[in-house]
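Here is a short report on how two chains meet. Look at the model first, then read on.

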Amino acid sequence: MSLTREEVEKVSLLARLRLSDEELDLMTAQMGQIVAYVESLSELDTENVEPMAHALEVSNVFAADELGESLDRQAALAGAPHHDREFYLVPAVLGE
Amino acid sequence: MSVLRHSATELLAQLSAGEITSVELTGACLEQIRKHDGQVKAFLRVDPERALARAADIDRRRKEKKPLGRLAGLPVAIKDLLCTQGETTTCASKILENFAPPYDGTVIARLKAADAVLVGKTNMDEFAMGGSTENSAYQKTANPWDLARIPGGSSGGSAACVAARMAPLSVGSDTGGSIRQPAGLCGVTGLKPTYGRVSRYGLVAFASSLDQIGPLARTAEDAALLLEVLAGHDPMDSTSVDLPVPKYTQTVTQPLEGARLGLVREHFGEGLDAEVESAVRAAVDVYKSLGATVKDVSLPHGKYAVATYYIIAPCEASSNLARYDGVHYGYRTDEKRMVADLAQERAALTAAGRHADVEAMDNPLVRMYRQSRAEGFGPEVKRRIMLGTYALSAGYYDAYYLKALKVRRLIRRDYDEAFKEVDLIAGPVTTSVAFKLGEKVNDPLAMYLVDLYTVSANLAGIGGIVFPCGFNTEGLPIGLQLQAPPFEEERLLRAAHMYQQATDWHQRCPPLVEG
């Protein structure tokens, strides 16, 4: 099954990536190639196989419910491109 | 070269005997970097003053007979995806160009507590996605054995700096072969521990169910030394395993008596370079001469490993890399220009009467995300995010992601079966020696297939070690890979050491740095 440019464009929105026209063309071709390659898995019968999400099949690792140290607000904001020492700032999305 | 011809284990003994100082040793490494890194380009950042100050402090404490850590005074290079508090950590990505983490990763904290001297951060493929270190946003690292060739990747800088004697030890990470493959191509010893053996806290995540941190060094003994410091349970990483850390440095010198080696039938098929094959077979003969028995085993699902990996890893990556949003840290696009562009687009579409397209336009926040990520990520990272997003999107999840998780189980079962018959699986690391810079950059799928012999260990979660077992006629290193059942790092290290006692491939030094 090959991918269409429209599908790739839709995925780019889901992935929060803005791709140029050239990038979309190239991505469509390259993803198509890779997807065709990974489709070899469909040859395998996996009807009764349990999926393996993780190498270590541990679950429910609990930590003691104790108050610990957390990152100081200024340290947490220090790497932000735009902040007002209290909050992260983003472009306005309302009131247009 | 002087002191740098010695292994880390030897240097540590000399340091503690007072035969050399950490300032002398660190100075020698910095001098080697100054002389050769203009060509090799293994390091993204080196801070000589800081490293020397740290070395001087350790020397002073040694003189005052104060207690010292396990690696006291030894220089260690760090792959630039481990968070170092207050110091730039870029993952070789533009999106993290100015990122200085507010904390140390666990591995970094352990190295500092062990009194290691952190000499610098090494180059890598952006976000560890790649097998040649050509995907770095900053520079291309060269293979010290031939500057026209790739060092492997993604831990290419970490492998190259050890091969070029710029640091006796380095730390890398391995998601699909990123420690083992560059170790093989640069002629050094690299170990990917069992998943869960080393804490991933403070490792910038690529594919969380596959990523594992491990040592690169010149010898198995040195890798044992570094692993002993890196390994152990960490409450900050719930996937790190609460098992005691063996004394690798004590057991590494014990030969494996009567080891049962398995050769994977499928690994010696079409596509394997003849010189690589003969070096690997010769290495197996060395083991035979040391008393090992050898038999063929089969990993029947191995041929599906690359496909499985290139579904699971991009899926996890697309989710992990969603955090780079231009809000919390990292790069954000020029907001004024972006807002102006949006207004212009809107005006143009409105004037053309394309009201449906106006409706479908990104809002300013979404456009900020998309534009920041488009400008901050390189092509391979974008490709993997796209692949992962596609494979996880509605309608495709079962066909790709779920299917891949099922095949992952089959791959793991193959190993479980094989390890009923053998103690170790031996084989090649890559189908060929290091390829030329630029050779595969325009063919992502060809680049992915380089991971053929390494990705299975990550999918199964088992450990593997790689070390040099010969050189081809062009003088390029060839690696041998050994794999063992989960948490058998001791077995891997002992087997590698036993081989290195019988051979001297690991002692060879690239002509570049000999002169």
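In this predicted model, 42 residues of chain A are in contact with 55 residues of chain B. Contact means that two C-beta atoms, placed from the backbone, lie within 7 Å. Helix 15 of chain B gives the most to the side that touches chain A, with 11 residues. Helices are DSSP runs of H or I with at least four residues, strands are runs of E with at least two, and both are numbered from the N terminus.

| Class | Members | Count |
|---|---|---|
| Nonpolar | Ala, Val, Leu, Ile, Met, Phe, Trp, Tyr, Cys, Pro | 31 residues |
| Polar | the others, Gly among them | 13 residues |

Chain A has three helices and zero strands. Its radius of gyration, taken over C-alpha atoms, is 22 Å. A compact globule of 96 residues would have one near 12 Å, by the rule of 2.2 Å times the number of residues to the power 0.38. The C-alpha atoms of chain A fill a box of roughly 55 × 45 × 25 Å along the principal axes. Buried residues make up 18% of the 96 residues in chain A. A residue is buried if 20 or more other C-beta atoms, placed from the backbone, lie within 10 Å of its own.

Residues are numbered from 1 along each chain as its sequence is written, and chains are lettered from A, ligands numbered from 1, in written order. Local features need pLDDT of at least 70, side-chain atom pairs count only at pLDDT 80 or more, and totals for chains, interfaces and linings use all residues.

Methods
A residue is buried if 20 or more other C-beta atoms lie within 10 Å of its own, exposed if 12 or fewer, and partly exposed in between; C-beta atoms are placed from the backbone.
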